[in-house]
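This report looks at backbone angles and at the surroundings of a few side chains. Please keep the sequence and the model open while reading.

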Amino acid sequence: MNPFRHLLLTTLSVLAFSALPAHAADLAAAHAKARASVPGFVLTWKAQAAGTGGYRVLANVRAGGQTEAIWLDNFKAADGGFTAVLQSAPRVLKGMSLGQSVTFTEADIVDWSYEDQSLGKLRGNHLQCAELRDLPKAEYEEQLDYLGLVCSD
C-alpha cells in the first residue's frame, strides 16, 4: 500500500469518532458489525491466505489507568492474546509512543482491516466506512477509491 495512503488512512481512523459528523446510530451499528466480525477476522489473519496482507486492528489499549482505541500492526499471538505495535502516537496514554509494543486480547479489538491484494483494496475499517457515509454520494465514492476501501461487506 502507498505509504501516504496508509498514513492518511491511519490518521482518519484514529479520529474515528470526531473527524466527520457521522450519525451516532451509524457508528454504533458499525461498531457492532466490527465486533461481531472479529472472530472471522482472526481466522483470516491466522490463515494468512495468499493475496492478503497488511493485517491491523483497532484495539483498546490500556496504560496508567487510561484506555485508548488505537490502530496496531505487526501483531502476533502471545499468551492467550496478542502483541502488536502502535501505528500512531497515543493521545491519551501517557508514556506510550509510536512503534511501541503492546499486549491485548481478542475482546479488546474494536475494528480491523487487511489488504486484499488481488483488488488492491482494504477490507474491514467498519468505523471509517460509517464516517464516510455522511459525505455526499460522489465524494463518498471518491474517498473510497482514494483510500482503497471496500465498504460493501
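Is D79 buried or exposed? D79 is exposed, with a relative accessible area of 87%. Here buried means under 20% relative accessible area, exposed over 50% and partly exposed in between, with a 1.4 Å probe and protein chains only.

## Basis

The model is predicted: local features need pLDDT of at least 70, side-chain atom pairs count only at pLDDT 80 or more, and totals for chains, interfaces and linings use all residues. Residues are numbered from 1 along each chain as its sequence is written, and side-chain values use heavy atoms, with hydrogens and water left out.

## Positive phi

Most residues other than glycine have a negative phi. D79 has a positive phi, near 45 degrees. D79 sits in the loop between β2 (66–78) and β3 (81–86). Strands (E, at least two residues) and helices (H or I, at least four) are DSSP runs, numbered from the N terminus.

N125 is not a glycine either, yet its phi is positive, about 50 degrees. N125 lies in the loop between β6 (121–124) and α3 (126–132). N125 is buried, at 0% relative accessibility.

## Around S113

S113 belongs to strand β5 (residues 109–116). S113 is buried, with a relative accessible area of 0%. Its side chain makes a polar contact of 2.9 Å with that of R56. Another, of 3.1 Å, joins the side chains of S113 and N125. A polar contact is a pair of N or O atoms within 3.5 Å; within protein, one must be able to donate a hydrogen and the other to accept it, and residues adjacent in sequence count only if both atoms are side-chain atoms.

Leaving aside neighbours within four places in sequence, S113 is in contact (heavy atoms within 4.5 Å) with residues including F41, W71 and R123.
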